[in-house]
Amino acid sequence: YVWSLEKVERAVGSGRSANLVALGAYLERTRILPPAAVEAALRAHGFKDETIAMNMKALEAGREAGRRP
């Protein structure tokens, strides 16, 4: 599968979120880890709520891309 991570991350609004977009697509395809686990990890590392929200938005964008064939 090939997705334009740049296109998806532009839709999210951050040029630094490609890793979360890719992770979201991977998680959607493999179902290896729930999105809540990613959020918990971000919180455990002490990220601010606004940073967590931005990262979760990127993760969800990746999950949406992962649902597409």
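Colleague: Which residues of α2 are buried?
Modeller: L20, V21, G24, A25, L27 and E28 are the buried residues of α2; buried means under 20% relative accessible area, exposed over 50% and partly exposed in between, with a 1.4 Å probe and protein chains only. They sit on the same side of α2, because they cover an arc of only 165° around the axis, taken from the directions from the helix axis to the C-beta atoms. A word on the source: this is a predicted model, where local features need pLDDT of at least 70, side-chain atom pairs count only at pLDDT 80 or more, and totals for chains, interfaces and linings use all residues. Residues are numbered from 1 along each chain as its sequence is written, and side-chain values use heavy atoms, leaving out hydrogens and water.

Colleague: Why is N55 called buried?
Modeller: Its relative accessible area is 12%, so N55 falls under the 20% limit. N55 is found in helix α4 (residues 49–67), and beyond its neighbours within four places in sequence it contacts L20 and L42, contact being heavy atoms within 4.5 Å.

Colleague: What makes F47 partly exposed?
Modeller: F47 has 41% relative accessibility, so it lies between the 20% and 50% limits. F47 is in the loop between α3 (35–44) and α4.

Note on methods:
Helices (H or I, at least four residues) and strands (E, at least two) are DSSP runs, numbered from the N terminus.
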